[in-house]
Each structure stands twice: as structure tokens, then as C-alpha cells.
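This briefing covers strand pairing, helix packing and charged side-chain contacts. The sequence and structure come first, followed by the points grouped by topic.

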Amino acid sequence: MELSFDPRERCLTVAEVADRLSINTDTVRRLFLNEPGVIVLCIPHKGRRQYRTLRIPEHVFQRVLARLTRVA
């Protein structure tokens with residue numbers, strides 16, 4: 001599966017998404033870590049924990065928001 005990414009599209013940080021949704025940053029990381037289209041930057045450190053930086057494109061944020069706010 002090929003993912004398309006428009007470099008002109010705004011990418012949100014975990015803190016920006018947490019602020020918009022009024023939820024904890026750890027919750028945002030859990031929600032978006034395995035979401036298709038999210039950019040995950042990993043910096044491996046031998047023998048130490050792995051740090052990940054997430055960048056969430058606006059269209060991915062809107063898709064997840066629509067899925068989470070769907071009325072039953």
C-alpha cells in the first residue's frame with residue numbers, strides 16, 4: 001500500500017493535537033502511533049530506550065476525529 005503525502009499539508013505535533021482535543025499527550029500517542037499516514041521519526045540509541053517523534057498530517061487528524069466522534 002502506497003501512502004501519499006502532500007508536503008504542503010500542515011502536520012500537527014502530539015502537543016497540538018492534545019490541546020485541540022483536551023486530552024493527555026500519552027493518549028494522543030496511543031491513538032495515533034499505528035495510524036496509517038502518521039509520520040514516525042525514530043532515533044535509535046543502542047542500549048537505551050527508543051525515542052519517537054510523531055507528526056500527524058491534518059487529514060489524518062480529521063479522519064481519526066470523525067471516527068472517534070461518530071454517533072451510534
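**Sheet and ion pairs**

Isoleucine 39 stands opposite arginine 55, a residue of strand 3. The model is predicted. Its charged side chains form five salt bridges, and three of the residues involved, Glu35, Arg63 and Arg67, are linked in a network.

**Sheet**

- Strand 2 and strand 3 (residues 51-57) run antiparallel and are joined by five bridges.
- The sheet is open, has three strands in the order 1-3-2, and pairs them in antiparallel fashion.
- Strand 1 (11-12) and strand 2 are the edge strands; each has a single partner strand, so one side of each has no neighbour in the sheet.
- In general, strands of a sheet pair through backbone hydrogen bonds, either parallel or antiparallel.

**Helix packing**

- Helix 3 packs on the sheet and touches strand 1 and strand 3.
- The direction of helix 3 makes about 80° with that of strand 3.

- The side chains of arginine 63 and glutamate 35 form a salt bridge, at 3.1 Å from N to O.
- This pair links distant parts of the chain: arginine 63 belongs to helix 3 (residues 58-68), while glutamate 35 is in the loop between helix 2 and strand 2 (39-43), 28 residues apart.
- Glutamate 35 also meets arginine 67 in a salt bridge, with an N to O distance of 3.1 Å.
- Because glutamate 35 lies in the loop between helix 2 and strand 2 and arginine 67 in helix 3, this second pair ties together parts that are 32 residues apart in sequence.
- Glutamate 35 counts as buried, at 11% relative accessibility, under the 20% cut-off.
- Arginine 63 is partly exposed at 35% relative accessibility, and arginine 67 is partly exposed with a relative accessible area of 38%.

- Arginine 29 and aspartate 26 meet through their side chains in a salt bridge of 3.3 Å, N to O.
- Both residues are in helix 2 (residues 25-32); they are three residues apart, so about one helical turn separates them.
- Arginine 29 is partly exposed, with a relative accessible area of 38%.
- Aspartate 26 is partly exposed as well, with a relative accessible area of 44%.

Terms used: Residues numbered from 1 in each chain as written. Predicted model: local features only at pLDDT ≥ 70, side-chain atom pairs only at ≥ 80, totals over all residues. Heavy atoms only, no water. Salt bridge = Lys/Arg side-chain N within 4 Å of Asp/Glu carboxyl O. Helix = DSSP H or I, 4+ residues; strand = E, 2+ residues; numbered from the N terminus. Buried < 20%, exposed > 50% of the residue type's maximum accessible area, 1.4 Å probe, protein only. Pairing = 2+ DSSP bridges. Contact = heavy atoms within 4.5 Å. Axes fitted to C-alpha atoms, helices over the stretch in contact; angles between N-to-C directions.
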